[in-house]
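Student: Could you show me, step by step, how to read a feature of a protein model?
Tutor: Let us look at the model together and begin with a pocket.

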Amino acid sequence: MPPPLPPSLPRHLRRRRFSTAPASHHPPPASRLAEQHCLRLLERSSTPAAVLQSLAFLLKSGLNSNPLVLTRLFASSACAAPALLEPLVAALLGPSVPIDAFLVNTLIRAHATSPFASARLCAAAFFPLMLRSAVLPNKFTFPFLLKACAALPGSPGVGLQAHAAALKFGFTTDQYASNTLIHMYSCFGGGFLGDARNVFDRMPKSSAVTWSAMIGGYVRGGLSSDAVGLFREMQASGVRPDEVTVLGLLAAAADLGALELARWVGRFVEREGIGKSVTLCNALIDALAKCGDVDGAVAVFQGMEERTVVSWTSVIDALAMEGRGKEAVGLFEEMKTVGVPPDDVAFIGVLTACSHAGMVDEGRGYFDSMKMEYGIEPKIEHYGCMVDMFGRAGMVEQALDFVRVMPMKPNPIIWRTLVAACRAHGRLELGESITKNLLNEYPAHEANYVMLSNVYALTQRWKEKSEIRREMSKRGIKKVPGCSIVELDGEVHEFIAGDESHPQWKEIYMMVEEMARELRRIGHISATSEVLLDLDEEDKEGALWWHSEKLAIAFVLLRTPGTQVRVVKNLRVCADCHAAIKCISRVYNREIIVRDRSRFHRFKNGSCSCNDFW
């Protein structure tokens with residue numbers, strides 16, 4: 001069965017059958033001349049006004065049933081005037097228009113690439129129109145159709161039907177259709193990556209496009225280690241990577257925090273002569289920054305011949321993540337000086353920099369300048385940056401007042417940011433009140449339960465904490481475990497708190513115990529308040545030492561002599577680990593870089609780059 005047509009299509013397109021029989025006579029010369037002139041007008045139409053002028057000629061010349069002219073009109077409007085595409089299709093694609101594959105392919109492609117969600121949602125619905133009009137698809141149809149299906153949020157059923165149609169019409173052996181199938185399944189989420197891999201495994205793999213599609217799918221699905229492994233298979237097969245492959249590999253390196261891989265990709269691009277486009281350089285900046293080499297990211301930026309606002313924003317974000325707020329603000333000002341106007345994303349970067357560096361007055365100034373100087377209406381993300389900035393600075397009341405006067409409804413992220421500030425600065429009653437309201441409004445979100453459970457633990461209300469945990473269990477809600485990863489000799493190692501799955505876990509645990517003894521020797525006292533369990537103080541101290549980042553650090557200390565330690569953690573670093581790692585960096589004379597879910601911490605000689613403002 002073909003996918004059902006959405007109601008957004010005009011009603012007559014969902015119920016009428018169109019004839020594709022050729023006209024019984026040749027058009028008169030005047031009509032042919034008008035057709036050719038209209039096609040030339042449409043080919044030159046690069047603005048909405050030009051498209052409308054061409055439309056006027058089309059209507060005046062009676063070409064509104066000419067499929068070739070309409071095809072060109074829809075293609076031109078998609079490029080030059082996307083806001084006109086849907087109204088034009090609704091007005092002109094009537095029962096008198098003969099349907100052919102060229103017209104339907106153009107409609108699918110034009111709608112699938114539209115900046116408007118309403119157009120993208122109905123792109124796939126033109127394929128059933130083709131079938132009901134007895135028009136056979138051709139080799140261009142399915143790449144367009146499958147790409148349109150990939151953009152349908154939460155509707156994999158339509159994509160599955162499109163795959164079935166491709167099988168029926170014999171196009172699954174077409175390389176372009178198969179590559180798009182891989183992309184489509186990877187867009188549907190991790191549960192469909194197996195389907196993407198099945199398509200990949202059945203294909204000939206002589207093209208970099210095929211490998212890039214699967215590598216990108218793994219990255220999109222959160223399986224970056226598999227993406228790196230597949231790239232190595234690609235190298236062994238002798239297929240030369242292209243820019244898209246490199247972009248996927250850089251995204252995987254950024255996700256894993258694999259600095260050596262990111263640096264290797266930079267050298268590989270130089271060695272293989274892969275064009276260093278602005279997009280590729282921006283991706284390299286992002287990867288190096290997320291792997292902790294901010295200076296390397298800055299060096300790539302400085303070596304770029306052409307820079308876009310994305311290039312500037314990437315470096316500003318990199319500096320912000322490492323707490324180098326003054327440098328980030330300086331770069332933001334330099335961007336304005338050279339004539340690159342900041343966009344809303346650039347303002348998120350500079351506000352984040354101010355937040356992480358405690359630059360409250362500067363942050364207020366930039367927030368006000370968005371609308372006053374640049375006419376940019378602040379979005380909820382900008383308001384979230386301001387709440388975070390006030391919260392980190394201990395200005396909890398100002399943060400709460402700011403939330404109350406926001407012109408839009410605060411989202412759960414903003415409320416959770418406020419709760420984190422309440423916890424950090426001892427406003428536990430306020431944090432409890434906010435969390436209870438969040439639970440009432442969003443009862444299915446795991447973070448709300450965890451926050452309230454933590455508040456109860458901090459106030460030693462163990463009974464209430466147990467009740468919350470039971471409610472989580474009843475609803476099938478599980479807390480995301482802390483996980484830390486390190487890259488060593490080209491291999492990624494993953495650690496979970498209390499984990500014994502690593503082949504060297506016994507040696508790692510012995511190293512952790514040695515670290516604990518060394519830190520006690522210099523007077524370090526564990527922050528047992530961070531243990532949100534009903535245990536005695538000795539057991540709490542023991543529990544703290546098996547956190548995932550400490551296991552990861554112990555592993556690297558065991559395996560490497562004097563090199564820098566780099567850890568990527570999926571959650572925020574706790575206060576005890578932060579204090580302990582400062583001491584470890586001094587005792588073992590190691591520079592330790594930890595990337596948590598919000599920023600970088602560079603530990604060296606007993607201090608951290610965040611200056612404890614985190």
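Student: Which helix gives the largest share of the lining of the second largest pocket?
Tutor: Before we start, this is a predicted model, in which local features need pLDDT of at least 70 and side-chain atom pairs count only at pLDDT 80 or more, while totals for chains, interfaces and linings use all residues. Residues are numbered from 1 along each chain as its sequence is written, and side-chain values use heavy atoms, with hydrogens and water left out. Rolling a probe the size of a water molecule over the atoms shows where empty space is left. Here the largest share of the lining, eight residues, comes from H12.

Student: How many residues line the second largest pocket, and which lie nearest its centre?
Tutor: There are 27 lining residues, and Lys147, Asn179, Thr180, His183 and Val209 lie nearest the centre.

Student: Is Val300 buried or exposed?
Tutor: Val300, which is found in helix H17 (residues 294–302), counts as buried because its relative accessibility is 17%, where buried means under 20% relative accessible area, exposed over 50%, and partly exposed in between, with a 1.4 Å probe and protein chains only.

Student: Which residues does Val300 touch, not counting residues up to four places away in sequence?
Tutor: Contact means heavy atoms within 4.5 Å, and Val300 touches Cys281, Leu284, Ile285 and Leu288. Val300 and Cys281 are 19 residues apart in sequence, and their C-alpha atoms are 7.1 Å apart in space.

Technical notes
1 Å grid on protein atoms, 1.4 Å probe; cavity = no way out; pocket = protein on both sides within 12 Å on 5 of 7 lines; lining within 4 Å. Helix = DSSP H or I, 4+ residues; strand = E, 2+ residues; numbered from the N terminus.
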